[in-house]
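Okay, thanks for making time, everyone.

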Amino acid sequence: MNKVFPLAVLAFAILAFATLMLVIFPAAQIRTVEPAEGLEPYTAVEERGRQQYVDLGCYYCHSQQPRSPEQAPDLQRGWGRPTTPADYVYDDPHVLGTMRTGPDLMNVGARMPSQGWHLTHLYQPRAIEESSIMPAYPFLFVVKQNPDEDDVVVPVPAEYAPADGAKVVARQSALDLTAYLLSLDRTYPAKDEELRDLGFDGGDAR
């Protein structure tokens, strides 16, 4: 019992040091970062889509942080140049992700700029890639026999389309999420000094 107080002090000191180095210092650094030239704030629709991305847990299987060449061949994979802090200025909360069950999505808007592609992929991933293990999100859509004029009809292949000839229509939540995915385009050049810090000498920004 006579060692409880020293142990408590030591535990508090370790916790305080970890908080200082992992939370306070990084937060102070981020506050001074200016947006990258070419980066635009999210629109209201894209912000709603980003919330959908968070709510659906997409970041559990997808990252948004292409690595430098020393860490991974992400540039060769077509996922884009290494990201820098300036690429995330408008992201709150950050959704960097920790796993890559699926591909990195930081530049998916540049790789796949089609709204129809993303809507089909969300409705039924196997309609795009037969071996995909991504879950389908049919609750983001509604099936209608006679879509309204302003409805966005999803181009679903016949084998995945409703059997009665009805059409798959995107709900606003699907359109919002797609707008967010299409906004993920960091193919503008990063600042040279940031690239040098990351050990990347430029090249193809994509």
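**Helix crossing and pocket**

So, H5 passes H6 in a right-handed crossing, meaning the near helix is turned clockwise from the far one by less than a right angle. Helices here are DSSP runs of H or I, at least four residues, numbered from the N terminus.

Quick caveat: this is a predicted model, where local features need pLDDT of at least 70 and side-chain atom pairs count only at pLDDT 80 or more, while totals for chains, interfaces and linings use all residues. Residues are numbered from 1 along each chain as its sequence is written, and side-chain values use heavy atoms, without hydrogens or water.

Back to the pair: the axes of H5 and H6 (residues 172-183) come within 10 Å and cross at roughly 120 degrees. Axes are lines fitted to C-alpha atoms over the stretch in contact, with angles from 0 to 180 degrees between N-to-C directions. That makes H5 oblique to H6, oblique being what's left after under 35 (roughly parallel), over 145 (roughly antiparallel) and 65 to 115 degrees (roughly perpendicular). Contact, meaning heavy atoms within 4.5 Å, involves residues including Leu119 and Leu122 of H5 and Leu177 and Leu181 of H6.

Of its 25 lining residues, the closest to the centre are His62, Gly102, Pro103, His121 and Met134. A pocket is an open set of points on a 1 Å grid over the protein atoms alone, where a 1.4 Å probe fits, with protein on both sides within 12 Å along at least five of seven lines; lining residues have an atom within 4 Å of a point.

Key: Helices (H or I, at least four residues) and strands (E, at least two) are DSSP runs, numbered from the N terminus.
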